[in-house]
Amino acid sequence: MPAETKGTGSSKKSPSLSISEQEYKKVAKKHEPARPLLANCIKAFFVGGFVCLIGQAIQEAFMAGFDMTSKEAASPTVAVMIFISVVLTCLGVYDKIAQWAGAGTAVPVTGFANSMCSAALEHRAEGLVLGVGANMFKLAGSVIVFGVVAAFIIGIVYAFLGFGGGHL
């Protein structure tokens, strides 16, 4: 037997199987399924609108049933929306809706409640302090930070433009 064919194969070098990151991205993009962008936008629009419609109906019910103004009904409305979101998350319904509707379920109050509840449920086996308490704000923490920073920047802009502070 010739020396080249002894053992595990020939003495020829096998071609390198590694590819560059750009080549990999090009191949991966070619095989990635097309996303129905317009359909996703329409679903998100209608689901987000439906969530807001439910919130408006709850607020109207507080206003009619308890003779509240819209400002007085705002806080209990938010509390009920958070409660509904948490219950649907615990039942596994919210995640199914979110998977179908995408960004439409990221309406601030319900999406925020879902993110906190999901993290709490995921880490509850680790205990209340090190599991739920430590991990509940992982995703929600960034939302809180960016919300506070955005409110601060908007407050400064309003102060410089003279929009705020006159009603104190």
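Modeller: The lining of the largest pocket consists of V47, F50, V51, I54, M81, I84, S85, L88, Y94, I97, T105 and T110. The elements giving two or more residues to this lining are α2 (37-65), α3 (70-90) and α4 (93-101). The model is a predicted one, in which local features need pLDDT of at least 70 and side-chain atom pairs count only at pLDDT 80 or more, while totals for chains, interfaces and linings use all residues. Residues are numbered from 1 along each chain as its sequence is written, and side-chain values use heavy atoms, with hydrogens and water left out.

The pocket has a volume of about 220 Å³. A pocket here is an open set of points on a 1 Å grid over the protein atoms alone, where a 1.4 Å probe fits and protein lies on both sides within 12 Å along at least five of seven lines; lining residues have an atom within 4 Å of a point. The volume is the space filled by probe spheres set on the points, which are joined across faces, edges and corners. By class, nine lining residues are nonpolar, three are polar and none is charged. In this scheme Ala, Val, Leu, Ile, Met, Phe, Trp, Tyr, Cys and Pro are nonpolar, Asp, Glu, Lys and Arg are charged, and the others, Gly among them, are polar.

As for the setting, the protein has seven helices and zero strands, where helices (H or I, at least four residues) and strands (E, at least two) are DSSP runs numbered from the N terminus. Of its 168 residues, 20% count as buried; buried means under 20% relative accessible area, exposed over 50%, and partly exposed in between (1.4 Å probe, protein chains only).

One of the buried residues is A113, with a relative accessible area of 6%, which lies in helix α5 (residues 108-122). The C-alpha atoms of A113 and V86 are 6.2 Å apart, although 27 residues separate the two along the chain. In the loop between α2 and α3 sits D67, which counts as exposed because its relative accessibility is 70%. The phi angle of D67 is near 50°, a positive value in a residue other than glycine.

Two salt bridges are present, each defined by a side-chain nitrogen of Lys or Arg within 4 Å of a carboxyl oxygen of Asp or Glu. E21 pairs with K25, with 3.5 Å between the closest N and O atoms. E21 is exposed at 57% relative accessibility, and K25 is exposed at 52%. The other bridge joins R35 to E32, with the closest N and O atoms 3.0 Å apart. Here R35 is exposed, at 62%, whereas E32 is partly exposed, at 43%.

Finally, V145, V149, F152, I153, I154, I156, V157, Y158, F160, L161 and F163 make a nonpolar surface patch of about 1,100 Å². Patches are made of residues with over 30% relative accessible area and no salt bridge, like charges being joined within 9 Å and nonpolar side chains (Val, Leu, Ile, Met, Phe, Trp, Tyr) within 5 Å. Accessible areas come from the Shrake-Rupley method with a 1.4 Å probe, and for residues only the protein chains shown count as cover. Y158 belongs to helix α7 (residues 137-161) and is partly exposed, with 44% relative accessibility.
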